[in-house]
Amino acid sequence: EVQLVESGGGSVQAGGSLRLSCAASKDTYSKYCMAWFRQAPEKEREGSEGIAAISTGGDGEYYADSVKGRFTISQDDAKNMLYLQMNHLKPEDTAMYYCASSPVYCRSGFWMRTFEYNDWGQGTTVTVSS
């Protein structure tokens, strides 16, 4: 049973923008914390990078330094949707992007850890060319 489905990935030139979407089933959409992670092909050994997270009702947003000021996470609770607006994209943003759902509230210092999340999507690919 598919529970989290990402879309919106694609190829774009550096400086461009993309908007990722994550459709969640009612049982998967977290009432606590949802996040975006990414996995770059050359960084498989390091694991996934947590890049943004958002608390229930949009009360709190968290960003990795690598995307702060360029990416914006948002959600639509009525539609069980999570979004990631990505602006000023760079070649180093090239990766597979995943959305994730947590059974706990976003926690400072922990929101970027994969163990905080128990549901994951299959990912959508973003390629940024120079």
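**View 1. Arg70 and Asp93, a buried charged pair.** In this predicted model, both Arg70 and Asp93 are buried. Their side chains meet in a salt bridge, 2.7 Å from N to O. Arg70 lies in the loop between β6 and β7 (71–76) and Asp93 in the loop between β8 (81–86) and β9, so this pair ties together parts that are 23 residues apart in sequence.

**View 2. Asp65 and Lys68, an exposed charged pair.** Here's another of the five salt bridges in the structure. The side chains of Asp65 and Lys68 meet at 3.2 Å, N to O. Asp65 is exposed, and Lys68 is too.

View 3. Arg107 and Glu116 join their side chains in a salt bridge, 2.5 Å from N to O. Glu116 counts as buried because its relative accessibility is 8%, under the 20% cut-off. Arg107, at 38%, counts as partly exposed. Arg107 also lies over the face of Phe110, at 4.4 Å from the ring centre.

**View 4. Arg19 over Tyr83.** This close-up shows another arginine sitting on a ring: Arg19 lies over the face of Tyr83, with 4.0 Å to the ring centre.

**View 5. Tyr62 and Trp111, a tilted ring pair.** The structure holds five aromatic pairs. In this one, the ring centres of Tyr62 and Trp111 are 6.0 Å apart and the planes stand at 35 degrees, so the pair is tilted. Tyr62 belongs to strand β6 and Trp111 to the loop between β9 (95–102) and β10 (119–120), so the contact ties together parts that are 49 residues apart in sequence. Tyr62 is partly exposed, with a relative accessible area of 22%, whereas Trp111 is buried, at 6%.

View 6. Phe37, Tyr117 and Trp120 form one aromatic cluster.

View 7. β5 (residues 49–55) is mostly covered, with six of its seven residues buried.

Terms used:
Residues numbered from 1 in each chain as written. Predicted model: local features only at pLDDT ≥ 70, side-chain atom pairs only at ≥ 80, totals over all residues. Heavy atoms only, no water. Buried < 20%, exposed > 50% of the residue type's maximum accessible area, 1.4 Å probe, protein only. Helix = DSSP H or I, 4+ residues; strand = E, 2+ residues; numbered from the N terminus. Phe/Tyr/Trp six-rings, centres within 6.5 Å; stacked < 30°, edge-to-face > 60°. Lys NZ or Arg CZ within 6 Å of the ring centre and 35° of its normal. Salt bridge = Lys/Arg side-chain N within 4 Å of Asp/Glu carboxyl O.
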